[in-house]
Each structure stands twice: as structure tokens, then as C-alpha cells.
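Please read it with the sequence and model at hand.

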Amino acid sequence: MKNETEKYYVVEVRWAGPDQMSSRYIDYDRYEVTTEPPRNNSGDIQLSGWLGPNGDVSRYAHGVYDVKTAAEYAIIQMLDGKCRRHDEVDAAMELGVVALYRPGRYTPMDYEALANYIFESVENEAVHVPYGKITQEQMGRLVNDLRTLLHENGCDASEDRIEDMIIDICDMEMTVD
């Protein structure tokens, strides 16, 4: 049974260190709902604002709520609905975490995973890649097709990264329309 005085706090955790696009850190950022009040680096409870760094990680407090669902709704509002609930609360590093959200509707892909995905999509003919030179219009369609496939698999990558990788993997040259 819930303790009647229990409060819920929203804490944002961001990777601020190097290698932000590596497989280890590309999906590191998270929003936690916790029953432990957030503390700044001085050890004082702080309910809003930057809590300070801890190595390559920065933490931010985003308020206190009486009900867990209100704290979760606040996260969804902060991220304009562009988030996903992460069911593995064990991934959180802080005690008292009762819910965890990741920014973005889709899981971002690191360089190696994206390269493998594009290579396999081309090899399996899931997408059609013209040989040799490719126009900007053809590239736009190809990037959109790949992003649609990525989204269907719960993943994402920026259009620029996909385009660069297509050119690199398929050894193509893009021409001006």
C-alpha cells in the first residue's frame, strides 16, 4: 500500500561526455520518476534545475508530484509526447526509480548498427538502390524508405546519417537534379 506522504520526483539524466553516438551512450539520456528527492552535488534536496555533474553525467530536477501518474504525465508533456516508456527500470542508476522514460519515439541507432542495417536492407532488396550515380530526388526517396523500415523496427537515425551511410556503403556519387 502506498505511503500517504510519499512524493514522486522527476529527474532528467543526460550523458554529457564523449562518444555520444557510440552504442554505449547513444540512448543513455532518460527521465526518471523516483521516490527519492533529487539532491545537488552539495547533498541538498533540490526540486528544480541543474543538480550538477557526476563525471560525464548531468542531472536536472523537474519538480515534485503527489501521484506517480502525474509525474509520468509531466515527462510526456516535457517531451511533447516524443518519448517511450522504458520497462527496464533496472537500467536506472539511482535508488527509488519507479518509472523510466527515454526521449524520442524510436531507439536511436549507433554507427555500426545503422551501417549493418542499411547493408542488409540493400542486400535483401528491402530497398531499391540505383547503381552508380544517384540524384537528390532518388536519394530522398531512398532515405525515406529506409527511415520507414527503421521506424517499423522501433529504431531511428537522422536523414543526414542515413544519406552519408548510403553513399559510403554503396560507393555512390550523388548528382545534382
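The points below go from the whole chain to single residues.

The model is predicted: local features need pLDDT of at least 70, side-chain atom pairs count only at pLDDT 80 or more, and totals for chains, interfaces and linings use all residues. Residues are numbered from 1 along each chain as its sequence is written, and side-chain values use heavy atoms, with hydrogens and water left out.

**Secondary structure**
- The protein has four helices and 10 strands; helices (H or I, at least four residues) and strands (E, at least two) are DSSP runs, numbered from the N terminus.
- Read from the N terminus, the order of elements is β-β-β-β-α-β-β-β-α-β-α-β-α-β.

**Burial, contacts and surface**
- Of the 177 residues in the protein, 37% are buried, meaning under 20% relative accessible area, with exposed over 50% and partly exposed in between (1.4 Å probe, protein chains only).
- Among contacts (heavy atoms within 4.5 Å) with a separation of 6 or more, 60% join residues 24 or more positions apart.

**Positive phi outside glycine**
- Aspartate 80 is not a glycine, yet has a positive phi of about 55 degrees.
- Aspartate 80 sits in the loop between helix H1 (68–78) and strand E5 (83–85) and is exposed, at 57% relative accessible area.
- Glutamate 125, also a residue other than glycine, has a positive phi near 60 degrees.
- The loop between helix H2 (111–123) and strand E8 (133–135) holds glutamate 125, which is exposed at 68% relative accessibility.
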